[in-house]
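Q: I would like to learn how to read cores, domains and chain contacts in a model. Where do we begin?

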Amino acid sequence: MPARTAVWWTILRISLEERLVYRGDFALGTLMRFLPILTQVFLWWAVFTAASTGQSIDQTRIVGYSYHDFIAYYLLTMVSRAFSSMPGLASGIARDIRDGTVKKYLIQPIDMLSFLLLNRMAHKVVYYTVATLPFAFVFYLCGDFFPNGWPEPQVMAAYVASLLMAFLLGFFLEATIGMIGFWFLEVSSLLFVYMLFNFFFSGHMFPIDMLPGFWGEVVRIIPLQYLAYFPAAVFLGKVEGPELIQGLWIQFAWVVLFMFTSRAAFHLGVRRYSGFGG
Amino acid sequence: MTMAVVEIESLAKSYRVYQKAEGLAASVAGLFHRKYRTVEAVRGIDLTVEAGEFVAFLGPNGAGKTTTLKLLSGVINPTSGTARVLGHVPWRRENAYRRRFALVMGQKNQLWWDLPAAESFRLHQQIYRIDPAEFDRTRDELTGMLAIRNLLSQPVRELSLGERMKMELTAALLHKPDVLFLDEPTIGLDVVAQYKIQDFLKHYQRERGITTLLTSHYMKDVAALCRRVVIITHGRIMFDGSLAQIVDRFGGHKVITLLFADGHIPGDLGVYGEVISEEPPRAKVRVDRGDVTATLGRILQQHPVVDVNVEDPPLEEMIAEVFSQVDESAGKDGELVVGRGG
Amino acid sequence: MPSGPSYLRVFLTFARNSLVRNMTFRGNFLIETFSSMSWVFMNLGFYILVFQHTPRIGDVSNWGEYSFAWGKYEFFLFLSTTLMVNSLVQALFMENASEFGEMIRTGTLDFALLKPIDTQFLISLQRIDWSSLGNLVVGIGLAVFSLHKIGWVPSVWQVLLFMLFVICGVAIMYSLMIALAATSIWLGRNQSLYNFWFYITNFSRYPMEIYRGTYGTPLRMFFTFIIPVLVVVNVPARFLVRPLVPQTPMDLLLPVFAFVATVASLVGSRWVFNRSLLSYRSASS
């Protein structure tokens, strides 16, 4: 076991170094990420001023959200996405399968999913190290959008748990999609569709409460909401009490489900792969 | 009187590269402060090439050969020094100059990967404004010489490396350049393809009298094509002359091949020189150039030899020796001893 | 001896070659066209949702002279303008800009520098992505549909001015893109370039009157006068929705400014491009 930990530590460290080399990208990327929020701040102000016929803007509600809630929501989904987004993971796996790099994991005593997970954790750790300051700064600037301040400790704990699970869910979900590469050589269009659905139905673009009828039902069933919407809703107190506990359990169930699906897909894929003689 | 086509004076090029730090702590530090190293690719080169010459640049990797070619094609700007090709300063990139030369790089391709080469050629015709009739004639002539006419309508990605290189050459010569820069044109090719490209270049260069500068790792290219050789190491010219001169100056040895009548190789062969190989009934001995006659006489007296062959060591070996000599002298005082070639 | 090639003919050959290339990978072409269109429809869906909760975006009563309250279909006209500008930028320049970065990385920029043709022209237009033109069609369709819903028929002059300023918008976006791409000569690998591009142009996707108040006004000024992305869509879109006769001085001044900004952006980006080439190092192999 200690030997194994040493290997993992080495992988983590190398990944960290690799990430740190591209300093310029990092600093710019983090700052840029907040720019779209800025346009949302103004867009929703324009929407709320137009919607608030006769009453003050503070009183106006759209699907139960005040203007402040909307902006707070967008800021919080940024945090959710910082955990759940996995840029390049699925396409990287598909590429490794296509060009045969995947063989490396079959020869070397390294488990591919664990390796990628560690790599991703390193990626995220570096990102948080660099991003915490800008994040804190932006949240400090936007303190006014959080009139209720920090949530209760229990809610906070649930929020942290939902974020960590969002990371795991994002990872295993994308890894599963990447494994499809074992069966279809071209997964980029599939990935695009996933990205599209993710953007719209995870709650990244708008709170999913805005979706009426059929689409609203669908979005509540599929797991995408746990990548962005759910943690933010927990923080804002949109889900409370038994509903919150239930939500966390469902999120956990999705994580476990995709953990097994990705592993099963890998094993089936490898069998198929070696069946073809690689 | 011949005319200088390429005139280079104390041309130098250096650039900074980011030095990646080892270790996690250093990587973190690298976020805030970066270390750079200055690479002096070319450290002051003087060279004149006359019209119609075929010159080879030799040198180990990173010696500055390719950088020199790139400077002459105006792709990069020099740090200092001057150069004129056909009377133009290359890095001004005037159209009048760009219409008169071509650069072929064995490791990079310019043809559209997914389209038939014919389409890329057509584009060339328009960019270089080649008269349509003349374009057709030149294209047919070149593709005929290179035996690739039947491949013109196949997407480039489906061609073999050798066929692709021939297409690249054709593309480069469509506008009938007066100066041709070839950077490793036969790299990665099999022997047959290499030979065909050498053959083509030899004929084309002779027929059109086009001034050509070539860099190559394959001594066969050089031996087949160039009368003049320029050796560049550490960004400086350390030899400039003919291949024969290299042999005179650096080929200190000859290799004697002996065929013994009784099929038995004598055990004391080592006294005459370094035994390179023993494959009964044949043996090869390396002997100092000056001692060849004397040594050979002694061997013939002592042993039943039926056949003798005296030759220069392979060119590769000699060039490697030249390179290593430069490395040694560079190691001593950090300054290079530049050969008095020419 | 002719001094230079015929740029129009070279461009047409680029377009033709790109089309041949696109058609060799027909499946891919269709998928790309389809996916970029579905992106548009999802976006449209979002605004349909928004307009279920508000009659318009922006409030005309208490701000500025150039302001406009965008009702649902007026806003869709705005969106359609965004679509047209973006699809043109993507079709003409996007692939080239990313290819430019790749050429710098691999050193194949060498070949572009050798050609007796303007290097910036060659780099910027070599590949045309025909699949992105699908959104141009969607944009035109959306514009016609929205105009029909409003019951407004713009005059020929309005349409011509609209087209002129769409072209200006495309030129501004192009300048920004090529200048950004050129910076990868200095910065090496540059992934955030496209993020940067996306985030900056994100500001252009909304009517400029939403940027108001203590923070909004400076932001509007910045993205109008320093990085003029706000005039890219706003100016042409207004030619479709507002009467041609200027109602306020700004109706006249902003288009004039947009025109000046276009010229300035083109000149500026050319300067950046040429400067960057001086630092080009040409990677070996």
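A: Begin with the term: a nonpolar core is a set of buried Ala, Val, Leu, Ile, Met, Phe, Trp, Tyr and Cys residues joined through C-beta atoms within 7 Å. Buried means that 20 or more other C-beta atoms, placed from the backbone, lie within 10 Å of a residue's own. This is a predicted model, in which local features need pLDDT of at least 70 and side-chain atom pairs count only at pLDDT 80 or more, while totals for chains, interfaces and linings use all residues. Residues are numbered from 1 along each chain as its sequence is written, and chains are lettered from A in the order in which they are written.

Q: Which residues touch the most other members of the largest nonpolar core?

A: In soluble globular proteins, nonpolar side chains tend to be buried together. Here the largest core has 221 residues, and Leu169(A) and Ala56(B) touch the most other members. Helix α3 of chain C (residues 72-106; helices are DSSP runs of H or I, at least four residues) gives this core its largest share, 18 residues. A second, separate core has eight residues, including Val255(B) and Val287(B).

Q: What is Ala56(B) in contact with, beyond its neighbours within four places in sequence?

A: Contact means C-beta atoms, placed from the backbone, within 7 Å. The partners of Ala56(B) include Leu214(B), Val222(B) and Val230(B).

Q: Which domains does the assignment give for chain B?

A: Domain bounds come from an automatic or database assignment. For chain B they are domain 1 (4-242) and domain 2 (252-311), with C-alpha centres 43 Å apart.

Q: How many residues does the contact take from chain C and from chain B?

A: It takes 27 from chain C and 27 from chain B. On the side of chain C that touches chain B, α1(C) supplies the largest share, seven residues.

Technical notes: A residue is buried if 20 or more other C-beta atoms lie within 10 Å of its own, exposed if 12 or fewer, and partly exposed in between; C-beta atoms are placed from the backbone. Helices (H or I, at least four residues) and strands (E, at least two) are DSSP runs, numbered from the N terminus. Two residues are in contact if their C-beta atoms, placed from the backbone, lie within 7 Å.
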